[in-house]
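Dear colleague,

Please find below the sequence and the structure that I am handing over to you. My findings follow directly after them.

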Amino acid sequence: MDEEKIAKLRADLLHRLSNWGDYSTLDVSYGLIPEAYGGGELDAEHLEYEWLDTKTKELAMSRAAAQNRDFNQVLNEVEIKVSLHLAIIMEPAIAATTVVTVDEDGHVCGVCQEEMERGDEARAMDCMHAFHHDCILQWLHRKNTCPLCRHVMLHKQIQSHV
Ligand SMILES: [Zn+2]
Ligand SMILES: [Zn+2]
């Protein structure tokens, strides 16, 4: 398993996690609350995330051994490559957002409803609403509107590559 494969599986996982979001209170039209949904799926996703983490470490370990190099250094390189592949897979969503820094206390991410820290890196949409990086990527994987103001992203059709 190489970086590209790990990135593909991770993108697939993110995609499924965003589908899970269809059953959350984010979408009132479904009329379901997360408690009613159980939460078993989330555990499965969590395990899969850890499994991918293990696969990433295994890849770094075998490469470090083969090249007689420091494990942590190789792991760092592998993680960067996985992130780059992931960015390419999810490019339409990334291309439509900009990186911003949270400049005020008490800013709440409109996707997960959790408070963000001043100085955190966030991603903003055209309407300048900012969210956690992962939160907005998951959101944009299935919708092309801002979770807060329903601003429609016009430039690209957001589509799944997985
Ligand atoms: Zn968030
Ligand atoms: Zn907005």
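Over residues 21–39 of this predicted model, pLDDT (the predictor's confidence in each residue, from 0 to 100) stays under 50. For that stretch the model has 14 contacts beyond four places in sequence, a contact being two residues whose C-beta atoms, placed from the backbone, lie within 7 Å. Residues 155–162 also stay under 50 in pLDDT, and the model has 18 contacts beyond four places in sequence for them. The mean pLDDT of the protein chain is 77, and 74% of its residues reach 70 or more. Confidence is lowest in helix 2 (residues 34–37), with a mean of 42, and highest in strand 3, at 92. Helices (H or I, at least four residues) and strands (E, at least two) are DSSP runs, numbered from the N terminus.

Two conventions apply throughout. Residues are numbered from 1 along each chain as its sequence is written, while chains are lettered from A and ligands numbered from 1 in the order in which they are written. As this is a predicted model, local features need pLDDT of at least 70 and side-chain atom pairs count only at pLDDT 80 or more, whereas totals for chains, interfaces and linings use all residues.

I turn next to the core. The largest nonpolar core has 21 residues, and A7, V111, F131, C135 and I136 have the most contacts inside it. Such a core is a set of buried Ala, Val, Leu, Ile, Met, Phe, Trp, Tyr and Cys residues joined through C-beta atoms within 7 Å. A residue is buried if 20 or more other C-beta atoms lie within 10 Å of its own, exposed if 12 or fewer, and partly exposed in between, with C-beta atoms placed from the backbone. At least two core residues come from each of helix 1 (3–20), helix 3 (40–67), helix 4 (71–89), strand 3 (130–131) and helix 6 (133–140). Helix 6 gives the largest share, five residues. Domain 1 (3–89) and domain 2 (91–162) each contribute at least three residues to this core; the domain bounds come from an automatic or database domain assignment. Leaving aside residues up to four places away in sequence, A7 touches V82, H85, L86 and I89.

Helix 6 is largely enclosed by the rest of the structure, because six of its eight residues are buried. These are C135, I136, L137, Q138, W139 and L140. Helix 6 lies across strand 2 and strand 3, and runs at about 30° to strand 2; axes are lines fitted to C-alpha atoms, for helices over the stretch in contact, and angles run from 0 to 180 degrees between N-to-C directions.

The sheet is open, with three strands in the order 1-2-3 and antiparallel pairing; two strands pair if DSSP finds at least two bridges between them. Strand 1 and strand 3 are at the edges with a single partner strand each, so one side of each has no neighbour in the sheet. Strand 1 is joined to strand 2 by four bridges.

M116 lies in the loop between strand 1 (98–101) and strand 2 (121–124), and counts as buried because it has 20 C-beta neighbours inside 10 Å. Its C-alpha atom is separated by 7.8 Å from that of H132, 16 residues apart along the chain.

Finally, N68, in the loop between helix 3 and helix 4, has a positive phi near 50° although it is a residue other than glycine.

With kind regards
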